[in-house]
Amino acid sequence: MKWLFLGLAALCFVPVTLLIRRTPTLVPGLWTAIALMPFIFDNLHLLMALNSWALWPGFVKGIEINGLDLLLVIAYFASPKVDERFPFRLSMGLYLFAVLIGVTQSAVPIASLFYVWQLLKVFFLVVVTSRACSDPRIALAVLWGLALGVGLEAIVTLWQRTHGMTQAVGTFGHQNMLGMIVNMSAMAFAAVFMAKSRSLISAAVPLLGAVVVILTASRATLGLFVLGIALICVFSLIRRFSAGKLGVVLSCAALLAIAAPFAMGSLNKRFAENPLDQDYDERAVFIKAATFMIDDYPFGIGANNYVTRVNTGGYNERAGVAPVYGSLAAHVHNAYILTMAENGYFGLISLILVLFAPIAMAFRKGWRVKDDIRSAMC
């Protein structure tokens with residue numbers, strides 16, 4: 001069945017691409033669909049694997065293709081070429097090189113190549129989006145897609161909570177994944193609202209995002225939401241102070257104060273059902289196990305191989321990880337330590353460069369250009 005679907009997609013690809021190229025008014029709609037797709041493709045099963053290891057304990061379980069990938073390919077060929085060169089080639093190239101080096105250290109190289117495939121898809125997403133957003137219409141279209149996604153998550157998480165789910169996951173597989181994407185979406189709208197667009201949609205999305213974040217009952221998600229809103233308010237005031245902005249900041253502080261009891265209630269409900277063991281800090285022992293492995297393999301053990309190596313090498317046992325499936329099958333809860341364990345110190349440095357380069361460019365260009373909505377999103 002999956003091959004039939006892939007064949008149909010291939011047959012539709014050329015006519016759809018030509019239609020969009022010849023009808024520029026369809027381009028914003030395409031990008032709204034692209035921005036919405038991460039919220040829906042999993043639940044709607046808009047994905048397939050050319051090679052699938054469903055029981056593999058790593059994050060990436062095969063060579064997967066989903067609806068987002070297909071839309072991005074259409075967007076790439078349907079969009080006009082941009083003369084400006086992509087600015088993050090060096091940092092992305094270094095990280096890809098580090099991951100490929102890790103493949104040579106991997107006990108299961110095929111599993112590491114699954115991660116390489118996923119990484120290439122992420123880089124392709126960044127390249128296509130960067131090129132498309134040279135058109136101001138695309139930035140607005142992406143915002144609309146994110147708004148629809150956050151609205152969908154608010155509905156789903158409220159339904160999940162009313163039906164007994166303490167930590168709502170929305171349309172994602174885990175509350176932390178939900179919290180990450182909703183936080184990033186809500187921050188974009190909060191920044192736009194603070195900048196100049198006092199529209200209903202730019203006010204509603206951060207409020208809906210707050211609802212979703214509270215219902216995840218995730219401490220990190222809640223903390224990052226508050227920190228993100230605070231930083232946006234501070235930087236927006238520094239960038240261009242006005243009495244109106246100050247009023248918005250005070251209103252945000254009041255809303256956060258009102259929301260605080262609901263957030264605490266959500267956390268209390270979570271820990272009442274699953275109380276923390278005061279004598280066992282799982283995050284700490286995960287880090288301890290990863291540190292043991294890093295000491296033995298400073299060049300890494302290969303991407304997407306952490307769970308198998310941390311168990312077969314006896315590192316979980318040495319660190320005192322609880323001998324239950326949920327703990328032994330878990331990754332260390334720190335992306336930087338996980339990267340260092342799988343791809344070595346060079347992989348960690350490369351990852352930091354991948355993250356730092358766009359942040360530095362966003363601050364530099366966003367601070368300089370103040371009258372473009374895209375600068376607020378930076």
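1. Asn-343 touches Tyr-95, Ala-98, Val-99, Gly-102, Phe-299, Gly-300, Gly-302 and Ala-303, leaving out residues up to four places away in sequence; contact here means heavy atoms within 4.5 Å. The residue lies in helix H15 (residues 335–368). Helices (H or I, at least four residues) and strands (E, at least two) are DSSP runs, numbered from the N terminus. With 5% relative accessibility, Asn-343 counts as buried, where buried means under 20% relative accessible area, exposed over 50% and partly exposed in between (1.4 Å probe, protein chains only).

2. A word on the basis of all this: the model is predicted, so local features need pLDDT of at least 70 and side-chain atom pairs count only at pLDDT 80 or more, while totals for chains, interfaces and linings use all residues. Residues are numbered from 1 along each chain as its sequence is written, and side-chain values use heavy atoms, with hydrogens and water left out.

3. Now the chain as a whole. Its secondary structure comes to 16 helices and 2 strands. The C-alpha atoms fill a box of roughly 55 × 55 × 40 Å along the principal axes. For 378 residues a compact globule would have a radius of gyration near 21 Å, and the chain agrees with that at 22 Å; the radius is taken over C-alpha atoms, and the globule rule is 2.2 Å times the number of residues to the power 0.38. Of the 378 residues, 44% count as buried. Among contacts between residues at least 6 apart in sequence, 75% join residues at least 24 apart.

4. Staying with H15, how do H11 and H15 pack? Their axes come within 9 Å and cross at roughly 10°. Axes are lines fitted to C-alpha atoms, for helices over the stretch in contact, and angles run from 0 to 180 degrees between N-to-C directions. H11 is therefore roughly parallel to H15; angles under 35 degrees count as roughly parallel, over 145 as roughly antiparallel, 65 to 115 as roughly perpendicular and the rest as oblique. Ile-287, Ala-290, Met-293 and Ile-294 of H11 meet Ile-337, Met-340, Ala-341 and Tyr-345 of H15. By class, this contact has 8 nonpolar, no polar and no charged residues. For the classes, Ala, Val, Leu, Ile, Met, Phe, Trp, Tyr, Cys and Pro count as nonpolar, Asp, Glu, Lys and Arg as charged, and the others, Gly among them, as polar.

5. Helix H6 (residues 136–162) and helix H8 (residues 200–216) make another pair worth a look, with axes that come within 9 Å and cross at roughly 35°. Their crossing is left-handed, that is, the near helix is turned anticlockwise from the far one by less than a right angle (right-handed if clockwise). The residues in contact include Trp-144, Gly-151 and Glu-153 of H6, and Ile-201, Gly-209 and Leu-215 of H8. This contact has 12 nonpolar, 3 polar and 2 charged residues.

6. Is it buried or exposed? Glu-153 is buried, with a relative accessible area of 0%. Beyond its neighbours within four places in sequence, Glu-153 is in contact with Phe-39, Gly-170, Thr-171, Phe-172, Leu-178, Val-182 and Val-212. Its C-alpha atom is separated by 9.8 Å from that of Ile-40, 113 residues apart along the chain.

7. Phe-172, in the loop between H6 and helix H7 (175–195), is buried at 14% relative accessibility. Its contacts, neighbours within four places set aside, include Pro-38, Phe-39, Glu-153 and Ile-181. Phe-172 and Ile-40 are 132 residues apart in sequence and 8.6 Å apart in space, C-alpha to C-alpha.

8. Please also check two backbone angles. Ala-217 has a phi near 55°, a positive value in a residue other than glycine; Ala-217 lies in the loop between H8 and helix H9 (219–239) and is buried at 0% relative accessibility. Asn-304, not a glycine either, has a positive phi of about 70°. Asn-304 sits in the loop between helix H11 (282–296) and helix H12 (306–312), and is buried with a relative accessible area of 4%.
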